[in-house]
Amino acid sequence: MSEKPATVLVVDDSAFMRKLIAEMVESNRAFRVVGTAADGIEALQKVRSLNPDIVTLDIEMPRLNGLQALEQIMAEMPRPVVMLSAAGSDLGNEMTLRALERGALEFVRKPSGPVSIDLSIVRAQLMSALEAARAMNMGGMRIPAPGAPAGDIEPAKKSPDAATKVIAIASSTGGPRALAEIIPHLPENLGAAVVVVQHMPSEFTKLLAERLRAMSPLWVAEAMDGKLLRENRVYVAPGGHHMTLTGESGNASIRLDQSPTMWGVRPAADRLFFSVASTFGRAAIGVVLTGMGRDGAEGLRRIREAGGRGIVQDRESSIIYGMPQAALAAAGADNVVTLNEIAPLIGVLCATDARGIGG
């Protein structure tokens, strides 16, 4: 990584917040603020003229809001964008999730509304997001066109059966975009249950599940404790809860708990993958997608040791290669593929019962 500081454009409609964010960014010598903007229109002008390495972008702004500005930045001059949203706003939460789907790398919640004098509370999160931006692989970006068709929002027509095979997916930074490239492209007669851990707070995992359901032929929802795992359904672990599976193939149930974090996160993919390995064994596929850190690496090793298959997203299509790289080092993989190859591969493996998948 270059020793030269990464340049940052700070965009917020509050002059006070622009000053506070800029000071916080420049408290780390790895970053240098080259300009500020008060709304989306000014932001686009400054991105063109200043060519910053990274943009911090407020969500709710006059004239041109953060989501609209983001879409134009990604269409014309793509670069890492970190969103800042006000905590506790339903509209802000919805727009933040849409921003992550449209190309934003990460988000940081303002702790006490649009003007947060206590922004220092989230300093560590902002610095982590900026570090992720420095490490971001822009070659992995694939931004869906605005207004993409939503698809059928109804559950699959066939009566769901208890799952005899399972697809377990781990994702973090860049995950909402990656999941939007995978889940909607899985066939409605997949013949397996899909369980997903995405590192996000609870208010966002619910929205993520709803948006994936609107795009997918498969039924998608946040997981609920005690529910029987059924095929042709996608279960998203709720933020703040670990998700595990208990029982056995053909009679497995979901368990949610709030036990201590693992790798600093809850839900943790490793917790899920450990249970998938012991519950489904050969009838499991573990998938590790883009993200920082190493969550999922040890879990994928256990799935493969139990006879299941491991799929790892490749470096070129990963926004952040940390989790896939760690998984490959710890567990190896049966397939290392680009993002757009994952859904077709899962479909083929389930249909052909490769490596005993499907019992």
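**Strands, helices and contacts**

Tutor: Strand 3 and strand 4 run parallel and are joined by four bridges. Helices (H or I, at least four residues) and strands (E, at least two) are DSSP runs, numbered from the N terminus. Two strands pair if DSSP finds at least two bridges between them.

Student: What sort of model is this, and how are residues numbered?

Tutor: This is a predicted model, where local features need pLDDT of at least 70, side-chain atom pairs count only at pLDDT 80 or more, and totals for chains, interfaces and linings use all residues. Residues are numbered from 1 along each chain as its sequence is written, and side-chain values use heavy atoms, with hydrogens and water left out.

Student: Back to the strands. Which residue is the bridge partner of aspartate 58 in strand 4?

Tutor: Leucine 84.

Student: And how many residues of strand 4 are buried?

Tutor: Six of the six residues in strand 4 (residues 81-86) are buried. Buried means under 20% relative accessible area, exposed over 50%, and partly exposed in between, with a 1.4 Å probe and protein chains only. Val81, Met83 and Ser85 point one way, Val82, Leu84 and Ala86 the other way, and all are buried.

Student: Threonine 56 next. Buried or exposed?

Tutor: Threonine 56 is in strand 3 (residues 54-58) and is buried, with a relative accessible area of 0%. Leaving aside neighbours within four places in sequence, its contacts (heavy atoms within 4.5 Å) include Val8, Val10, Ile21, Val82 and Leu130.

Student: New topic. What is the strand order in the open sheet of seven strands?

Tutor: The order is 8-9-7-6-12-13-14, with parallel pairing. Strand 8 (219-222) and strand 14 (335-337) stand at the edges with a single partner strand each, so one side of each has no neighbour in the sheet. Neighbouring strands are turned by 20° against each other on average, direction ignored. For such angles, axes are lines fitted to C-alpha atoms, for helices over the stretch in contact, and angles run from 0 to 180 degrees between N-to-C directions.

Student: How many bridges pair strand 6 with strand 12?

Tutor: Five, in the parallel sense, between residues 166-171 and residues 284-288. Isoleucine 169 has valine 287 of strand 12 as its bridge partner.

Student: Which strands does helix 6 touch?

Tutor: Helix 6 (residues 175-182) packs on the sheet and touches strand 6 and strand 7 (193-198), with its direction at about 165° to that of strand 7. Helix 8 (residues 269-280) lies across strand 6, strand 7 and strand 12, at about 165° to strand 6.

Student: At what angle do the axes of helix 6 and helix 11 cross?

Tutor: At roughly 45°, with the axes of helix 6 and helix 11 (residues 339-352) coming within 8 Å. Ala178, Glu181 and Ile182 in helix 6 meet Leu339, Ile342 and Ala343 in helix 11.

Student: What else is in helix 11?

Tutor: Cysteine 350 lies there, buried with a relative accessible area of 3%. Not counting residues up to four places away in sequence, cysteine 350 touches Lys165, Ile167, Leu190 and Ala192.

Student: And how many helices and strands has the protein chain?

Tutor: The chain has 11 helices and 14 strands. Of its 359 residues, 56% count as buried.
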